[in-house]
Amino acid sequence: MNSTTTSPDTHIDINFTSGCHADEPNQSNTTVPFLIQPSNAASKPLIFNQLRRFRICLMWCALDHSSCFGKFISYFIFIFFTILVPLITCFSARVPASAEIDDPISFNMLVQFPESGLSIIAFFTLSRFFRRYGLRQLLFLEGLKDDSSYVQRGYTRELDKAFRFLAFILLPSFLVELAHKIVFFTTAKISLPYVSSGVALNAIVFVFVLASWVYRTGVFLLVCVLFRLTCELQILRFERLRKMLEGCDSDCSAIFKEHGRIREQLWLTSHRYRFFIIACMVTITVSQLGALLLALESDSQKTFFNSGDLVVCSAVQLSGFLLCLVGAARITHRAQGIVSVATRWHMIVTCASSGSPQCHTPEVDDTPVSTHDTDSESSDIFVTISPQEPYLFQTRQALVTYLQHNHGGVTLYGFALDRGLLHTLFAFEFSLVLWILSKVIVLS
């Protein structure tokens, strides 16, 4: 990567040798894939297994775009489960007039639009990813060879945890959805032209509806998990960068290049997922407000039969979207917090160099630590000082100034997706809810 920093008075050309771009590969590894290089032999089995599990997951979700036949099957299943099955369910399901249960059709039709909308957004996002990048480049596996063993082991654990997040959200929601559909199809009747109604038709549509729900939900959650996974990788790298700043012997140029590499991948992540995040936010907001209006307008009693779909849909939407928001806010918080760590490091080294000549510094090891417990940095940093030239102070000062002006994390068209933006989104959504409630109260 060649990065150029310009100002009105100076022109600085900095050549980064890290292999982040596919168009500038490392010459020594151009013929040897990353997973079979000797230097990565220890981490090969774990990373390879996790990558293989991801590919199997994509195949089961009919998202294999590695061949023309795979693309045809993927688009066919997408159209069938995302568009055709929900339309058939909305227009063919009827509740008999003799039934003593409130009509659930209005809530069922309302739920289909956001579920299919999020699935469409996620599907075309994944299609664009696979067409432009591929799974290895999307997960930044190509650049992982330049990271320390601490980052590689941590990323392997995060790959494994990604499937747990999918299971923790998908399985409980599926059980609730299964119970609701059993109640729904034992009461409702499916009527299709030129097809005789009966138990067999209800059973067939029941299976298709469940498969459609699993497909649409799985595609949406898969993109959310992929985004969180890329955020966790950068969190591990920022943690490693913080360890590099816990000693005076750290090379400022190495810290500068590592931070530049992290910023580049954060920029790529922001541009890849910004449309997905904004489109999901708009879809979820509209669907939740529509559900609120419909629930307030309806005079019927709300039961599991007529509004169970709405509960499951809202839980899945908010769970997946919160995965994205929390992951982006955490990485932005780490990116902003590295400035205070660098400033404190510069202050300690400067004071120690002008004071006592011997102080103690902890060794920077590669022992994995939980990234959830390192938001508050320890102030017990001691350094070993050797005689230094005056230019070292200027180099550290320049590095701190650079970090102060380049501390952004994940952004959405220039707006940092940090905790402040989350508070703003919450205030906006809460204001809309209060506005709707005020109109309902006035009208009633």
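## The second largest cavity

The second largest cavity holds about 40 Å³ of space. The model in which it is found is a predicted one. Its lining consists of Leu110, Pro114, Ser287, Gln288, Ala291, Leu310, Cys313, Ser314 and Gln317. Two or more of these residues come from each of the elements α3, α7 (252-297) and α8. Helix α8 provides the largest share, four residues.

Sorted by class, this lining has five nonpolar and four polar residues, and no charged residues.

## The largest cavity

In total, the structure holds three cavities of 30 Å³ or more. The largest cavity has a volume of about 80 Å³. Around this space lie Pro114, Glu115, Leu118, Trp213, Arg216, Thr217, Phe220, Cys313, Val316 and Gln317. The elements α3 (105-132), α6 (199-244) and α8 (304-354) each give two or more residues to the lining of the largest cavity. The largest share, four residues, belongs to α6.

The classes in this lining are six nonpolar, two polar and two charged residues. Pro114, Cys313 and Gln317 belong to the lining of the largest cavity, and Pro114, Cys313 and Gln317 also belong to the lining of the second largest cavity.

## The chain as a whole

The chain contains ten helices and six strands. It has 444 residues, of which 45% count as buried. Among contacts in the chain with a separation of 6 or more, 84% are between residues 24 or more positions apart.

The accessible surface of the chain amounts to about 22,500 Å². Carbon and sulfur atoms account for 66% of that surface.

## Aromatic pairs

A pair of aromatic rings is described by the distance of the centres and the angle of the planes. How many aromatic pairs does a search of the whole structure find? The search finds 18 aromatic pairs. One of them is formed by Tyr75 and Phe123, with 5.2 Å centre to centre and 85 degrees between the planes, an edge-to-face arrangement. This pair links distant parts of the chain, since Tyr75 lies in helix α2 (residues 68-92) and Phe123 in helix α3, 48 residues apart. Tyr75 is partly exposed, with a relative accessible area of 33%, whereas Phe123 is buried, with a relative accessible area of 1%.

A further pair is that of Phe129 and Tyr133. Is this pair stacked, edge-to-face or tilted? The ring centres of Phe129 and Tyr133 are 6.0 Å apart and the planes stand at 50 degrees, so the pair is tilted. The angle lies between the cut-offs, because planes under 30 degrees apart count as stacked and planes over 60 as edge-to-face. Phe129 is buried, at 0% relative accessibility, while Tyr133 is partly exposed, with a relative accessible area of 22%. The value for Tyr133 is 22%, and Tyr133 is therefore not counted as buried, a term that requires under 20% relative accessible area.

## An aromatic cluster

Phe72, Phe76, Phe80, Phe81, Phe208 and Tyr215 form one aromatic cluster.

Note on methods
Residues numbered from 1 in each chain as written. Predicted model: local features only at pLDDT ≥ 70, side-chain atom pairs only at ≥ 80, totals over all residues. Heavy atoms only, no water. Buried < 20%, exposed > 50% of the residue type's maximum accessible area, 1.4 Å probe, protein only. Contact = heavy atoms within 4.5 Å. Areas by Shrake-Rupley, 256 points an atom, 1.4 Å probe, with all protein chains shown as cover. 1 Å grid on protein atoms, 1.4 Å probe; cavity = no way out; pocket = protein on both sides within 12 Å on 5 of 7 lines; lining within 4 Å. Points joined across faces, edges and corners; volume = space filled by probe spheres on them. Nonpolar A, V, L, I, M, F, W, Y, C, P; charged D, E, K, R; others polar. Phe/Tyr/Trp six-rings, centres within 6.5 Å; stacked < 30°, edge-to-face > 60°.
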